[in-house]
Amino acid sequence: MRIVLTTVKEAKVEIEQKVVAQINRGYLLLVGFTQGDNQEIVTKMVDKLLSLRVFPDENGKTNLSLQDINGEICSVSQFTLYADVQKGRRPSFVDALDPKSANELYNFFNQYLEQSFGKPIPKGVFGADMKVFSINDGPFTLLLDSKEIVK
């Protein structure tokens with residue numbers, strides 16, 4: 001599982017020119033799954049991302065968590081996080097989890113995230129052609145990879 005986490009001042013997701021998700025200050029998450037991912041991995045990744053301290057305190061040090069700043073989260077499925085560009089010029093997506101299993105894990109991810117965070121999570125629509133807009137804060141972007149985080 002991979003998550004690209006970007007701190008944002010605001011973010012929104014549009015499908016066919018209609019806003020389906022929108023947040024103010026917080027995290028924009030791009031979420032992808034690969035073979036072997038399961039609910040245990042998802043819960044550990046959610047626990048990790050909610051515990052991160054990536055927002056600046058009054059001294060400019062990254063000491064504050066999302067909850068400390070009363071932030072929000074927008075979640076977007078992103079199978080292209082598992083693109084392989086080693087050969088040729090067109091990405092291969094053989095490492096991305098099959099759509100049915102990925103959708104099930106993405107739904108579980110969002111449910112567990114909402115439960116753990118205690119707030120609704122605006123989200124994109126799995127498999128849809130989405131337009132994602134963000135005003136990055138910093139910018140401050142992290143790549144969380146379950147192969148590095150979940151042991």
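**Fold and aromatic contacts of the predicted chain**

The chain has three helices and seven strands. Both kinds of element are DSSP runs numbered from the N terminus, helices being H or I with at least four residues and strands E with at least two. Their order from the N terminus is β-β-β-α-β-β-β-α-β-α. The model is predicted, so local features need pLDDT of at least 70 and side-chain atom pairs pLDDT 80 or more, whereas totals for chains, interfaces and linings use all residues. Residue numbers start from 1 along each chain as its sequence is written, and side-chain values use heavy atoms, without hydrogens and water.

The overall dimensions were examined next. The radius of gyration is 15 Å, which agrees with the value near 15 Å for a compact globule of 151 residues. This radius is taken over C-alpha atoms, and the globule rule is 2.2 Å times the number of residues to the power 0.38. Along the principal axes, the C-alpha atoms fill a box of roughly 45 × 40 × 30 Å. The accessible surface comes to about 8800 Å², and carbon and sulfur atoms contribute 48% of that area. Areas come from the Shrake-Rupley method with a 1.4 Å probe; for residues, only the protein chains shown count as cover. Of the 151 residues, 42% are buried. Buried means under 20% relative accessible area, exposed over 50%, and partly exposed in between (1.4 Å probe, protein chains only). Among contacts between residues at least 6 apart in sequence, 73% join residues at least 24 apart. A contact requires heavy atoms within 4.5 Å.

Rings of Phe, Tyr and Trp (its six-membered ring) pair if their centres lie within 6.5 Å; planes under 30 degrees apart are stacked, over 60 edge-to-face, and the rest tilted. The count by this rule is five aromatic pairs. One of them joins Y106 and F126; this pair is tilted, at 6.2 Å centre to centre with 40° between the planes. Y106 lies in helix α2 (residues 99-117), and F126, 20 residues away, lies in the loop between α2 and β7 (131-145). Y106 is buried, at 1% relative accessible area. F126 is partly exposed, at 30%. The rings of F108 and Y112 are stacked, because their planes are at 15° with the centres 6.1 Å apart. Both residues belong to helix α2, four residues apart, or about one turn of the helix. F108 is buried at 18% relative accessible area, and Y112 is buried at 18%. Ring pairs also link Y106, F109 and F126 into a cluster.

A charge lies over a further ring. The charged end of K12 sits over F133, 5.2 Å from the ring centre. The criterion is NZ of Lys or CZ of Arg within 6 Å of the ring centre and within 35 degrees of the ring normal.

Two other residues were examined individually. T43 lies in helix α1 (residues 39-51). A polar atom of the T43 side chain is 2.8 Å from the backbone oxygen of E40. Beyond residues up to four places away in sequence, T43 touches F108 and Y112, the residues of the stacked pair. L64 lies in strand β5 (residues 62-65). L64 is partly exposed, with a relative accessible area of 25%. Its contacts, leaving aside neighbours within four places in sequence, are L52, R53, V54, F55, P56, D57 and I69. L64 and I23 are 41 residues apart in sequence and 19 Å apart in space, C-alpha to C-alpha.

Methods
Polar contact = N/O pair within 3.5 Å; in protein donor to acceptor, adjacent residues only side chain to side chain.
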